[in-house]
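Dear colleague,

Please find below the structure that I am handing over to you. My notes on what was found in it follow directly after.

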Amino acid sequence: MATEIIIPSDLWEGDEESVITAWLADDGAQVKEGALIAEIMTAKVQHEISAPASGTLSIAKEQDSIVAKGDVIGSIA
């Protein structure tokens, strides 16, 4: 069963959107739980997204996609 990679709701205040500025692992790559896999940028701050599980990364939202809190950007199976 896949584990979703979700933009956390506690990274920044307000309802502003963010942009995926970089994927630090490729689609289909093997990742370990806790490894940094993506970076997102709000209007003021860059945040890092860690893998919520170990397994194969499947990217759902490409680099430069606009995302909001709670959005699913990929999964790990």
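Accessible areas come from the Shrake-Rupley method with a 1.4 Å probe. On that basis, the protein chain exposes about 4,500 Å², of which carbon and sulfur atoms supply 47%. Please note that this is a predicted model.

Overall form

The C-alpha atoms occupy a box of roughly 30 × 20 × 20 Å along the principal axes. For 77 residues, a compact globule would have a radius of gyration near 11 Å, and the 12 Å of the protein chain agrees with this. Buried residues account for 35% of the 77 residues. Of the contacts between residues at least 6 apart in sequence, 55% join residues at least 24 apart.

Strands and sheets

The secondary structure consists of eight strands and zero helices, which gives the pattern β-β-β-β-β-β-β-β along the sequence. Strands of a sheet pair through backbone hydrogen bonds, in either a parallel or an antiparallel manner.

Two bridges connect strand 3 to strand 6 in the antiparallel sense; Gln30 stands opposite Thr56 of strand 6.

A further open sheet of four strands has the order 5-4-2-7, and its pairing is antiparallel. Strand 5 (46-50) and strand 7 are at the edges with a single partner strand each, so one side of each has no neighbour in the sheet. Strand 4 (residues 36-41) runs antiparallel to strand 5 and is joined to it by five bridges. Met41 has Gln46 in strand 5 as its bridge partner.

Which residue other than glycine has a positive phi, near 75 degrees? The residue is Asp64. Asp64 lies in the loop between strand 6 (55-59) and strand 7 (66-67). Is Asp64 buried or exposed? Residues count as exposed over 50% relative accessible area; Asp64 has 58% relative accessibility and therefore counts as exposed.

Yours sincerely

Notes:
Residues numbered from 1 in each chain as written. Predicted model: local features only at pLDDT ≥ 70, side-chain atom pairs only at ≥ 80, totals over all residues. Heavy atoms only, no water. Rg over C-alpha atoms; globule rule 2.2 N^0.38 Å. Buried < 20%, exposed > 50% of the residue type's maximum accessible area, 1.4 Å probe, protein only. Contact = heavy atoms within 4.5 Å. Pairing = 2+ DSSP bridges.
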